[in-house]
Amino acid sequence: MIRFITFLGCAAICLAQQTAPPATGPSAVQAANDEQEDLRRAVTEASASTVDLIRVLEAHLVKYPESLRRWEIERAILKAAIESKDERRIARYGVSILTREPDDLPMLDRVTRSLIIAGGAENLKKALEYSQHYEKLLRDILNKPAASGAELAIRKDDGERALGRALLSQAIATGSLGNAAQSAELAKKSFELAPGAESAAEAGRRLAQLGKMDEAVRAYADAFTVTDSAAGESERAVIRKRMGELYQKEKGSEVGLGDIVLKAYDRNAALLADRKLALRQFDPNTGLSDPLQFTLSGIKGEKLPMATLKGKAVILDFWATWCGPCRAQHPLYEEVMKKFAARKDVVFLSVNTDEERQSVQPFLEQQGWNPARVYYEDGLSKALRVTAIPTTVVFGRNGSIVSRMNGFDPERFVEMLTERINEALK
């Protein structure tokens, strides 16, 4: 509901309040003004319903078929269709929008799925075209240099998952168009990149069509055992049933099927472990949720395992170079640090959240800040759900969070942080 209200507000602002496109001549200007008023009234009348919004915007396009705002109105309809999961309209308006914005990655992904659901040779061919273009754009992104190992790991993880979806879409479209062999190969590649139940099941379906029953059963066993939050109990039940049917048809009973399933489980557990290990070569924090298991990178590349700080009170100051309040808060931190300068069991860490890291070192030099205690966040802000800066997080000796301070009170910050550090030391 919150997402929808935000969207509807955006639609109202963009469509109802935006200045109409330029028009020349008195009659053209009057026509543009009339359309603008009709559009404002229509969006207002839509209230808080995506269905109503789609209805009034489509009616507007019927009334004004030559509207200079057709493209932005169609885009608003498309967003409303996505919100309401109207697959038919997503396919219809998505094709129109992608004609003008062919490199819109999220839209390519979403519209491709709707075209596949819609079915039919033309829709499937278009889905295949879009998914191949989506794959190319993703590979170009993956080949770009990253600013850090953490960024590279995130890009690789997210990028490979997206590539897996692109190849799966190609597999489904290709198979539906009659090429089972190519579909099976694409589904296998999708599973290798991003192991998931749907890609494995698609491979199983096409392999069965090709008469390769042993391979099909193994693919369904992968689909049944792989860790995949997108596959619910009903989907797994269907996979289990199909796997059993194929095996019984080939062997006469289900004797021996359990061994295949167990091997698939072990195989997929090892595959996911290897994937996580590969990502950790770029970012040691991949897959971690416990903040004190993180390893932070210093300004000069030095590494700080947070686990080495257990038994101490740890104060994390999340900041960025562009944050004015962070600069105002810095002298107050210095005051608190002086109070605990003699304590070896109190550690202050300045955690930088800038995306562009090359600006951090010059900033520290310009401000005269000590770089020795400055570390990059390396995913820690996500683990701690830091959504605004400045934010101060205080850990106690036992590794639990004692305090979280979002923003700061200039008059009481020194007193408040001192109290919370003393609490963390107890």
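**Reading contacts, helix packing and backbone angles**

Q: Which residues does T112 touch, not counting residues up to four places away in sequence?

A: T112 touches M107, A127, Y130, S131 and S169, with residues up to four places away in sequence left out of the count. The model is a predicted one. T112 itself sits in helix 6 (residues 105–118).

Q: Is T112 buried or exposed?

A: Buried means under 20% relative accessible area. T112 has a relative accessible area of 2%, so T112 is buried.

Q: A127 is one of the residues that T112 touches. Where is A127 found, and which residues is A127 in contact with, leaving aside neighbours within four places in sequence?

A: A127 belongs to helix 7. With those neighbours set aside, A127 is in contact with T112, L115 and I116. A127 is buried as well, at a relative accessible area of 0%. Between A127 and S169 there are 42 residues in sequence, and the C-alpha to C-alpha separation is 7.5 Å.

Q: How is the packing of helix 7 and helix 8 read?

A: Two packed helices are described by the angle between their axes and by the distance between those axes. For helix 7 (residues 121–142) and helix 8 (residues 149–176), the angle is about 160 degrees and the axes are 9 Å apart. Angles over 145 degrees count as roughly antiparallel. Helix 7 and helix 8 are therefore roughly antiparallel to each other. Their crossing is left-handed. The residues of the contact of helix 7 with helix 8 comprise eleven nonpolar, seven polar and five charged.

Q: What are the angle and the axis distance for helix 9 and helix 10?

A: Helix 9 (residues 180–193) packs on helix 10 (residues 197–209) at about 155 degrees, with the axes 8 Å apart. Helix 9 and helix 10 are therefore roughly antiparallel to each other. Helix 9 passes helix 10 in a left-handed crossing. On the helix 9 side, the contact is made by A180, S183, A184, A187, K188, S190 and F191. On the helix 10 side, the residues are S199, A200, E202, A203, R206, L207 and Q209. By class, the residues of this contact are seven nonpolar, four polar and three charged.

Q: Which residues of helix 15 are buried?

A: An α-helix has 3.6 residues a turn, so residues three or four places apart point the same way. In helix 15 (residues 360–367), the buried residues include V360, F363 and L364. They cover an arc of only 100 degrees around the axis, which puts them on the same side of helix 15. E365 and Q366 are exposed, on the other side of helix 15.

Q: What do the buried residues of helix 15 pack against?

A: The buried residues of helix 15 pack against strand 3 (313–319), helix 14 (324–339), strand 4 (346–352) and strand 5 (374–376). Just after helix 15, G368 takes a positive phi of about 75 degrees.

Q: What is phi of K85, and what is phi of D378?

A: K85 has phi near 55 degrees, a positive value in a residue other than glycine. K85 is in the loop between helix 4 (70–83) and helix 5 (87–100), and at 63% relative accessibility K85 counts as exposed. For D378, also a residue other than glycine, phi is positive, near 50 degrees. D378 lies in the loop between strand 5 and helix 16 and is buried, with a relative accessible area of 5%.

Q: Is the peptide bond from I389 to P390 cis or trans?

A: That peptide bond, from I389 to P390, is cis, with omega near 0 degrees. P390 is in the loop between helix 16 (380–383) and strand 6 (391–395).

Technical notes: Residues numbered from 1 in each chain as written. Predicted model: local features only at pLDDT ≥ 70, side-chain atom pairs only at ≥ 80, totals over all residues. Heavy atoms only, no water. Axes fitted to C-alpha atoms, helices over the stretch in contact; angles between N-to-C directions. Helix = DSSP H or I, 4+ residues; strand = E, 2+ residues; numbered from the N terminus. Parallel < 35°, antiparallel > 145°, perpendicular 65-115°, else oblique. Left-handed = near helix turned anticlockwise from the far one by under 90°. Nonpolar A, V, L, I, M, F, W, Y, C, P; charged D, E, K, R; others polar. Buried < 20%, exposed > 50% of the residue type's maximum accessible area, 1.4 Å probe, protein only. Arc of directions from axis to C-beta. Contact = heavy atoms within 4.5 Å.
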